[in-house]
Amino acid sequence: MRDVAVVGFAQRQMPEFDGSPTCVELLVPLLAECYEQTGWTRRDVGFWCSGSSDYLAGRSFSFVQAVDAIGVIPPVNESHVEMDLAWALYEAWLKIQTGEVDTALVYAFGKSSAGVLRRSLSLQLEPYTMTPLWPDTVSLAALQARVGIDAGVWDEAAMAEVANRSLTDAEKNEYSIRKGGSSVEELLARPMYADPLRKHDCSPVTDGAAAIVLAAGDKAREVREKPAWISGLAHFVDPMSMGTRDLTRAPSAARAAAQLDLSGVELAELHAPFSHQELILRRELDLADDVRVNPSGGALTSNPMFSGGGIRIGEAAARIWSGEIGKAVAHATSGPALQQNLLCTLEGRN
Amino acid sequence: MAKQPAAVVGVGQTHHRAKREDVSMAGLCREAIDRALADANMTFDDIDAVVVGKAPDLFEGVMMPELFLAESLGAAGKPLLRVHTAGSVGGSTAIVASSLVQAGVHKRVLTVAYEKQSESNAMWALSVPLPFNMPVHAGAGGYFAPHVRSYIRRSEAPTHVGAIVAAKDRQNALKNPYAHLKNPDTTVESVLASQMLWDPIRYDETCPSSDGACALVIVSEDVAAASPNPAWIHGTVMRSEATTAAERDQVNPQASRDAAAALWKQAGITNPLEEIDAAEIYVPFSWFEPMWLESLGFAELGGGWKLSESGATAMDGKIPVNCSGGVLSSNPIGASGMLRFGEAALQVRGAAGEHQVDGVRRALGHAYGGGSQFFAMWVVGAEKPSN
Amino acid sequence: MTRTLSAPVTVAFDYTRSTGPVIGRFLTGLRDGQVVGGRTSEGAVVVPPPEFDPVTHEPITDFVEVAPVGTVTSWTWVPEPVKGQPFDRPFAFVLVRLDGADAPLLHALDVSSPDEVSTGMRVQVRWREERVGSITDIECFEVATESGPTGVEAIGDNPVTGVIVPVSLDYLYAASPEESAFYRGLNEGRILGQRCPTCEKVYVPPRSACPTDGTPTSEEVEVSQTGTITTFCIVNVPFLGQKITPPYVSAYVLLDGADIAVLHLILGVPAAEVRMGMRVEAVWKPREEWTYSLENIDHFEPTGEPDADYDTYKHHL
């Protein structure tokens, strides 16, 4: 395997993006930031891959205009996944592993506020016997949360603890759109929303975009003193059915963890759009108690669809570049109730 | 660093029809997958990862349908990727699946692309009016017809060339048991007599709307050793440009020319007309055959129509194009590109049945999408690549 | 004034889904007032039946009728239902393991407050009177009664092979700031482009990123209302959602002063006489009908000038 590192990262997150669902105007400054961080121009990028969803934008081929932000004369080596940024990164990492290219820039975008997000996501379900009932994302997560509470795997206080820590950490993240921790008691005193979830247990509807730059070997060393080397990258999917899955578990996350070396991880950025999902992930990754979880505030405080997972990788990488930590694990999820999971370990060495 | 060698050892496709009312989406995909696995002499247990491709989610009204399909496609507990690059997606998906093997990450990858167009209506899905805009847009035909007109003007092609291509592909489809359209009576005259839909494109010069799927099994060098006839991947390429840009060449886009140049270089080909024995080119409207022949370098600029008119692209011609009947005979949009890639593999494996061209050593699979701005291509060969 | 113009869009289609044999069997059961599960190779009865066995990957063929009564294994409260859900007032979503099944089914429960639902409670199916072979043939679950659910009779003897699933999503579509400037210009009877500072091409409409070099277009340029048809097509096809009655000519018009053509409608000349190179001008709707839209220009029609020479527009094809 070639040594590949994350060497650039830019993000924007907001409650409502005042712009088009193609997000081109949002991507232009993000790409500019990536060029500034790397000292590259677009012509130094060997491969491009983006992630987005037509159903977020409400129109077919919503991603085609995004390439305008690159400037595509001369044409580019480019692909697109109808998935989160983290999987776009995976495709780019593969491309570098084949030896065809040495560098890649991946980006993703989504204007969740253009529709009713929790309703639009019902379209993601089994279309014959689930979607006709329009089960919204929040309800599905709440059904999962209840199963764990009933089974004694977690409780509302543990969920509130996750939320409180996230809201507190988010105060230091300029991109978080919900912030301000208080105490577990105060959070538990707040009203129920989708019982057993309170609003702070659910990620806020977020618009946004993000971009990540990858480079192999010396190309990475030229950009950063401490590139965030991708020492492991694995992803798996579980069946969708809410009936046949053990909802207290995420086998695909455990399977990905088993493929990676998580020893010595100091920090975990976990893509948990609902508070109890962080608890599931910590168990599946078997994280030690001293591992710092989601210092960015995580998805509970800002979760732009289709970039929310990749942002976890970017956040972890930024802390490696700065020398703050030496090893991190980043996680991305997709589908209802943690159906699909990706893990990436990053290490700061020269 | 060189790519790890990779080969196609299994190809499967559905019987393509306007409406496959006998199957669900999962059933449609499984029909192709089960054939591909049987062809590869494998079961799901042998597969390391699954890559799914399809065109816009609005076609079937399911957002990221690979998630609900995961279990039926045998992907549960495995890595699953979903590619979407407009009409080129079937080709791009095969390339992403190849890269999993070429990167040395996996040894046996299953890839499937599908479209169940009968669940909705493609013209609707592609032409949902946008506020503030002029609603003159009329599906893919409406989009491409002006560019076909530009080609005819630019190349001074006689107007019956499109009909020659359509009649050839429809006759080829009669030799393909999976093809959607089976009209033995199609002739150049009957095509010319068909209704003008999007002038200058006639009804019989357009692709059908199909339900269908295609699946491939792509494996590493050591696994391919067990196959009697692997189709080795000699080159893959993807290129993208903008849908609309000032002075963009929409007849012969730069992304297409660049992609072809990069592909031939990778595959060590200097004269495609001489060195490629069969080509499966994405031709949803008949005129795109001469247009792409020029862009791909099989003909000089302005000479594509002469090649088509001369019969060189017929099954017994110098460069047989779309012996399967092509997109003009079966068009499950998301799968159409993978069908081109798969049919190219069948040709070099000598497994194309009645539409097999004798002695194919190297074949081209080609797909394009969007407003002719996304391109995916591969060259497969009967021999292991030397580079 | 907000930065961007926006307008509502509804993306709606009644999807015609073919079910295949397994889901078809399940939906046939619902139509006939039965809940049918599928037995997997490991012996579990799953409702709805999975199409393929999770272990052997073979199609599920062993169908088992389960009871219309079962136990809640999880629930949540829906305080703000969204369009299309089983109730338009607050209700519960539940996972219900029906007696005879090993895996729970997702559906709605009709209770009036979260205090009336709990894990472990017994619930029963409430059948819809008009059943068509759809998951909504179960109107919802209700608190189990001693007499059990009201029985219903089978409705037909043809197996269900398809189901219609209406999907309607409402969006607020926003134009980009650059496009918004263009549409605002149209509201004043002007056609505004912008020049790319890098390649100096004039884009109509202006772009958030020049597709050639990725730079936002900036300097405003008002272009002429007269231009040249570069290429066109005559649309003879009627299709769902179409707003203009065919046949009509849709053409790329390269306005004088612009470096990219706009797509518009050509009238005032028989379709068969429209030519590449024809000179045309904008014909506006009456001013009182103007909005922020390219539709303010009703169509383009010939100016009567001699056709433009091919060489003047051939690089725009």
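This is a predicted model: local features need pLDDT of at least 70, side-chain atom pairs count only at pLDDT 80 or more; totals for chains, interfaces and linings use all residues.
## A walk through chains A, B and C

C:Leu172 touches A:Ala114, C:Ser6 and C:Pro8, leaving aside residues up to four places away in sequence.

Where does C:Leu172 sit? Its place is in strand β10 of chain C, which covers residues 162-174. One of its contacts, C:Pro8, is 164 residues away along the chain, yet the C-alpha atoms of C:Leu172 and C:Pro8 are separated by 4.4 Å.

**Where chain A meets chain C**

The contact between C:Leu172 and A:Ala114 crosses from one chain to another, which brings us to the meeting of these two chains. Here 47 residues of chain A are in contact with 57 residues of chain C. Which helices of chain A each supply at least two residues to this side? They are α1 (24-38), α4 (117-120) and α5 (137-150). Of these, α5(A) gives the most, with 6 residues. Sorted by class, the side of chain A that touches chain C has 25 nonpolar, 12 polar and 10 charged residues.

**Two open sheets in chain C**

Staying in chain C, we can look at how strands line up. Strands of a sheet pair through backbone hydrogen bonds, either parallel or antiparallel. One open sheet has 3 strands in the order β3-β2-β4, and the pairing is antiparallel. Its edge strands are β3 (45-46) and β4 (63-66), each of which pairs on one side only. Strand β2 (residues 35-39) is joined to β4(C) by 4 bridges. Which residue of β4(C) is the bridge partner of C:Gly37? That partner is C:Val64. A helix joins this picture too: α1 of chain C (residues 20-31) packs on the sheet and touches β2 and β4, and the direction of α1 makes about 150° with that of β2(C).

Another open sheet of chain C also has 3 strands, this time in the order β12-β11-β13, with antiparallel pairing. The edge strands here are β12 (202-203) and β13 (219-222), and each pairs on one side only. Strand β11 (residues 192-195) is linked to β12(C) by 2 bridges, and these two strands run antiparallel.

Back in chain A, the axes of helix α3 (residues 85-97) and helix α11 (residues 308-321) come within 5 Å and cross at roughly 65°. Why are α3(A) and α11(A) called roughly perpendicular? Angles of 65 to 115 degrees count as roughly perpendicular, so the two helices fall in that group. Their meeting point brings A:Leu85, A:Ala86 and A:Leu89 of α3(A) together with A:Gly309, A:Gly310 and A:Ile313 of α11(A). By class, this contact has 4 nonpolar, 2 polar and no charged residues.

**Backbone details worth a look**

In chain A, the bond from A:Ile73 to A:Pro74 is cis, with omega near 0°. A:Pro74 is in the loop between α2 (54-57) and β3 (78-81) of chain A. In chain B, a cis bond joins B:Asp199 and B:Pro200, with omega about 15°. B:Pro200 lies in the loop between β5 (196-199) and β6 (201-202) of chain B.

| Residue | Phi | Loop in chain B |
|---|---|---|
| B:Phe132 | about 75° | between α4 (122-126) and α5 (139-155) |
| B:Ser372 | about 55° | between β10 (362-369) and β11 (374-381) |

Are these residues buried or exposed? B:Phe132 counts as buried because it has 23 C-beta neighbours inside 10 Å. B:Ser372 is buried as well, with 26 such neighbours inside 10 Å.

**A domain from the record**

UniProt, in an unreviewed entry, places the feature "domain: Thiolase C-terminal" at residues 245-373 of chain B. In the model, the end C-alpha atoms of this span lie 11 Å apart. The span is 43% helix and 9% strand.

Key
Residues are numbered from 1 along each chain as its sequence is written. Chains are lettered from A and ligands numbered from 1 in the order in which they are written. Two residues are in contact if their C-beta atoms, placed from the backbone, lie within 7 Å. Ala, Val, Leu, Ile, Met, Phe, Trp, Tyr, Cys and Pro count as nonpolar, Asp, Glu, Lys and Arg as charged, and the others, Gly among them, as polar. Two strands pair if DSSP finds at least two bridges between them. UniProt positions are given in the numbering used here, feature names are shortened, and annotations may be inferred rather than shown by experiment. A residue is buried if 20 or more other C-beta atoms lie within 10 Å of its own, exposed if 12 or fewer, and partly exposed in between; C-beta atoms are placed from the backbone. Axes are lines fitted to C-alpha atoms, for helices over the stretch in contact, and angles run from 0 to 180 degrees between N-to-C directions. Angles under 35 degrees count as roughly parallel, over 145 as roughly antiparallel, 65 to 115 as roughly perpendicular and the rest as oblique.
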